[in-house]
Amino acid sequence: TQTNTLSGETILITAGPTKEMIDPVRFLTNRSSGKMGYALAEEAVKMGAKVILVSSVDSLPISKDVQLIKITSAEDMYQAVMDKYQQATIIIKSAAVADYRPKQISQQKLKKKDGNLIIEFERTKDILLELGKKEDKPFLVGFAAETENIDEYAWSKLERKNADIIVANDVSREGAGFEGDTNIVTLYKKNHTKKELPLLSKNQTAKEILLEIHRDLKEGVRN
Ligand code: PMT
């Protein structure tokens with residue numbers, strides 16, 4: 001029924017974890033599988049949007065209609081998003097981006113030594129925050145993966161990152177968040193309303209998020 005609801009829109013979606021290299025054979029990552037982001041990409045294509053997907057994930061199939069940009073680190077993701085954001089009318093940041101990376105990447109494989117290993121970390125760039133500062137920013141949707149104080153953190157993320165919608169998942173709940181095929185999310189919107197979705201498949205959750213974006217755009221919440 002919703003075929004072509006999003007025709008004319010170009011949606012830039014980020015999906016999956018980032019991988020922060022320590023040395024040529026080791027990296028730090030997180031539990032994100034990319035399923036939420038790929039579901040968004042798939043459903044957006046079905047609704048007639050042009051989709052650009054920035055992802056580190058190898059294992060998930062994706063429609064050939066999606067323009068896939070493969071990345072590894074948070075810095076790669078930042079570069080890819082900054083390169084493409086002006087082509088997008090909507091950006092959805094479902095990726096789980098590393099907040100820290102090793103300050104130095106060893107050129108050679110680290111060798112075992114006596115005693116403990118200490119690795120110094122530095123902050124990565126906050127891609128969503130940077131996008132929120134752009135004067136020509138597209139309609140901006142961020143995610144929030146929280147384990148406590150969901151309401152408080154989600155409202156403050158919406159404000160601080162200047163997003164149009166924050167999709168929060170309580171990742172401590174059974175059936176929500178990382179890895180599985182389902183999610184439980186609440187949408188926090190700029191007009192200070194929130195919309196709770198029940199336990200749904202990630203594809204169904206994606207559809208609901210995209211329909212909500214469509215409704216907002218129709219009501220003229222475009223920047
Ligand atoms: O991939 P799955 O296994 O399907 O799991 C889905 C998911 C749980 C990863 C997804 O639903 C989700 O919640 N993604 C966001 C996870 C996250 O990193 O949240 P955060 O609260 O740390 O970050 C908030 C927002 O800022 C996110 O939109 C994130 O993409 C963005 N961010 C964070 C750090 C950074 N350096 N740059 C960013 O843009």
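Select the ligand: of the 26 residues around it, Ser33, Lys35, Lys93, Ile127 and Phe143 come nearest (a residue is near if its C-beta atom, placed from the backbone, lies within 6 Å). This is a predicted model: local features need pLDDT of at least 70, side-chain atom pairs count only at pLDDT 80 or more, and totals for chains, interfaces and linings use all residues. Numbering starts from 1 along each chain as its sequence is written.

Colour the shell by class. It has 12 nonpolar, 9 polar and 5 charged residues (Ala, Val, Leu, Ile, Met, Phe, Trp, Tyr, Cys and Pro are nonpolar; Asp, Glu, Lys and Arg are charged; the others, Gly among them, are polar).

Next, select β9 (139–146), α1 (35–46) and α3; each supplies at least two shell residues. Helices (H or I, at least four residues) and strands (E, at least two) are DSSP runs, numbered from the N terminus. The largest share, 4 residues, comes from β9.

Stay on β9. Of its 8 residues, 7 are buried (20 or more other C-beta atoms within 10 Å of its own; exposed means 12 or fewer, partly exposed in between; C-beta atoms are placed from the backbone). Strand β6 (residues 90–93) runs parallel to β9, joined by 4 bridges. Here Lys93 has Gly142 as its bridge partner. Toward β10 (residues 165–170), also parallel, there are 6 bridges. Gly142 partners Ile166 there.

Last stop: helix α2 (residues 74–84). Ala74, Met77, Tyr78 and Val81 are buried.

How values were computed: Two strands pair if DSSP finds at least two bridges between them.
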